[in-house]
Amino acid sequence: MSSTAPPVAPSPVRARLDSNRLGPLAIASFVLSAAAPVTVVAGVIPTGFATTGILGLSAAFLTVGVVLAFFSVGFSAMSRRISNAGAFYAYIAQGLGRPPGVAAALVAALAYNLLQVGLYGVFGTAASALLNPLLGVDVAWWGWALLAWVVVAALGFCRVDFNAHLLAVLMGLEILLVLILDAANLLNPADGALTYTAFAPSALFVPGAGALFVIAITGFVGFENSAIYSEEARDPARTIPRAIFLCLIVIAVLYSLSAWAMTMGTGPGQIVTVTARDGGETVFNLAGTNLGPAWPTIGHMLLVTSVFAALVAYHNAVGRYVFSLGRERVLPALFATTTRSGAPRWGSIVQSAIGLVAIAVYAIRDLDPMVQLFYWGGTTGGYGVLLLLTVTSAAFIRYHLRHRSGTTWNGLVAPAIALAALLVVTVTATLNFATLLGVPEGSPLATVLPALYLITTAIGLVWAFTLRTANPVIYNTIGLGANSVTGRTGGIEDTTGAHELRDHR
Amino acid sequence: MTGDRARLYLADNLWLIAHHEYSGKSHVSDRALAFGLAGSLLGELVLHNKLTLSPRADLVLTTTEPPTEGLARKVHSLIAAEQARPRGVQVTQTRDWLVYLSEFAAGWTVRRLVHAGYVEKVHGRRALGLVRTTHHQVTDVNHAILPAVGIASRLTRRQPIPAFDVAFAGFALVTGLEKQLLLDVDTGGRTYLRRLLGGLPKSLGSLVAETESAIGDAVLSHRL
């Protein structure tokens, strides 16, 4: 028997640290819990069919899934090098420079806010559909939305996180429900037989297809949160990529399946008219027809809880984002303060204020909560994330070329493929924005909404250059995240002569 | 028990300033305080010249001779035991040690304070007398406020402040205890403090920064 060194006793410190660490499944379930499957299936997909009038949504989900897979190769490699829970803008700052980084930070703040605020629209709609008949009242959508707003603001400020297990169970139930509804649709095709045209690549080469990609990206938003957990992952080099790909696969398969099943349930020729007529109720009407009257109620209940969980998740995401910007002093240090319970105080307050203003404006002007608040808000937010993904891919490449970090595959080739694909998607999406919104070509809205991001970028660039001249020390630590603190105070010369050390024994 | 502040250590001072002197309730979240105390315990070792931080933020013991004080000796021996392991398996990163120590720091610090007589365990009842509670409370209210008062007055008068107190101020600030620490200190005094913090010896300065960064990251992840 070969003799080797005696077995090393496991370090109790290492063991303790590892026991608290997360595996890929845990991370994936945290991430997916913000993805709100029922909200996408019952809310985004039918509204998408109705407003764009295009069938190829299933193909779009699969395509976007593949593109994001290439993106994630570079993403997971970078998340090991740059530990910053602020994610995208840190990569952009370190890859492309600080001015684009600051601009990206503001773009992200805008996008996530739009996503969050849009959810109040679908919450109000779903809650009134469920609770008004149940309670025998006639509360407007915005009444329910305001109620949700109060609870979200309180939960966010008091730093009450949902129990991770509870979230995982809820998400499991949502996925189960979606699969049941999909099966019901597939077993009862309106045309008598299943057709697969929704998956054909040709479905993507129709006018306005760019809109489908934005809708698809909106479904994937949140997968980037997996990078937040890289500090706590059991084996970051392997756990994070696995968690990300698990999320991507689940999302891509679930949504493309559901979109296809929906077209089978109504018949591909009728999907647009049915969804235009029934809106968010499409899925539940189908369930009622296929499975019985109890199911719409079950579906509504899960939709309400799903949206609510997403409301809290995105509220916290914005709060954290603002906090990390405050921590780096991109925003005033005030934003880096926390409450007694550890919540980002001003991040939470600002986000709540934005939500309140949005609900008020939509209520007063009597605008449609489902299409104009939820769908427009959500997809415009998704468009913002698309822009971030595109620029981040470029940042991966630039970082790799500059620092020679990572391999040619994860530093150059995969991000380059992702960049090319995302550029195509971005351009087509921008050109098809009117189709996305369901407004006539040439409508001002189709230019104003994307232009918001242009304006935000400009503000970010100006702000970055202002910071550079006003406060170079802070400017130099932009994008360093956790290390911005150590970057600020590290490297101070030892002034041994200048201090007195008292014997305080 | 003379209330002699010279007997108190970084972690003890931090615990005292972090808790309301009458109700015993903490001014900051448990997690933030846990990290602050963990950093302070490591800071005590640095002040005793037993520990330094490498440029890559690794903890390095400067001597195998342990400190005389009980809790400092305990922390020292933990680090020493870890550093006796083979290179590849050791835990050396400051952040890892902060995370590890944060689980125990509060309990250990309270025990030291109780042992020294500055803090006592108080039993009480809540919820109309149905729930029995215990919490810790200072035995003498002056102990709680003395650390901050001394620093505050010296800051206001721009007097020199020893490294021990500057380090304590640093940990207090990053833990979120600015209000408790700086009481009525004017803007000039605060600027002076910031300058002093910048002049901390390298290891102490890095340790405070690492603690701040750990607390910040704990806010950002859902695990707070």
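**Close-up 1. Lining of the largest cavity in the predicted model.** The lining of the largest cavity holds twelve nonpolar, five polar and no charged residues (nonpolar: Ala, Val, Leu, Ile, Met, Phe, Trp, Tyr, Cys and Pro; charged: Asp, Glu, Lys and Arg; polar: the others, Gly among them). The space in this cavity is about 210 Å³. Among its 17 lining residues, A:Val44, A:Leu115, A:Leu119, A:Thr218 and A:Phe374 are the closest to the centre. On a 1 Å grid over the protein atoms alone, a cavity is a set of points where a 1.4 Å probe fits but cannot get out, and lining residues have an atom within 4 Å of a point. Points are joined across faces, edges and corners, and the volume is the space filled by probe spheres set on them. At least two lining residues come from each of these chain A helices: H3 (37–52), H6 (98–135), H9 (209–220), H13 (294–327) and H15 (369–403). H15(A) contributes the most, four residues. Helices are DSSP runs (H or I, at least four residues) numbered from the N terminus.

This is a predicted model, in which local features need pLDDT of at least 70 and side-chain atom pairs count only at pLDDT 80 or more, while totals for chains, interfaces and linings use all residues. Residues are numbered from 1 along each chain as its sequence is written, chains are lettered from A and ligands numbered from 1 in the order in which they are written, and side-chain values use heavy atoms, with hydrogens and water left out.

**Close-up 2. H4(A) against H9(A).** Helix H4 (residues 57–81) of chain A packs on H9(A) at about 60°, with the axes 9 Å apart (axes are lines fitted to C-alpha atoms over the stretch in contact; angles run from 0 to 180 degrees between N-to-C directions). H4(A) is therefore oblique to H9(A) (under 35 degrees is roughly parallel, over 145 roughly antiparallel, 65 to 115 roughly perpendicular, the rest oblique). The contact (heavy atoms within 4.5 Å) has eleven nonpolar, two polar and no charged residues. On the H4(A) side these include A:Leu57, A:Phe61 and A:Leu68, and on the H9(A) side A:Phe213 and A:Phe220.

**Close-up 3. H2(B) against H7(B).** The axes of helix H2 (residues 30–47) and helix H7 (residues 163–175) of chain B come within 9 Å and cross at roughly 160°. The two helices are therefore roughly antiparallel. B:Ala32, B:Leu33, B:Gly36, B:Gly39, B:Ser40 and B:Leu47 of H2(B) meet B:Phe164, B:Phe171 and B:Thr175 of H7(B). Five of these contact residues are nonpolar, four polar and none charged.

Definitions and conventions:
1 Å grid on protein atoms, 1.4 Å probe; cavity = no way out; pocket = protein on both sides within 12 Å on 5 of 7 lines; lining within 4 Å.
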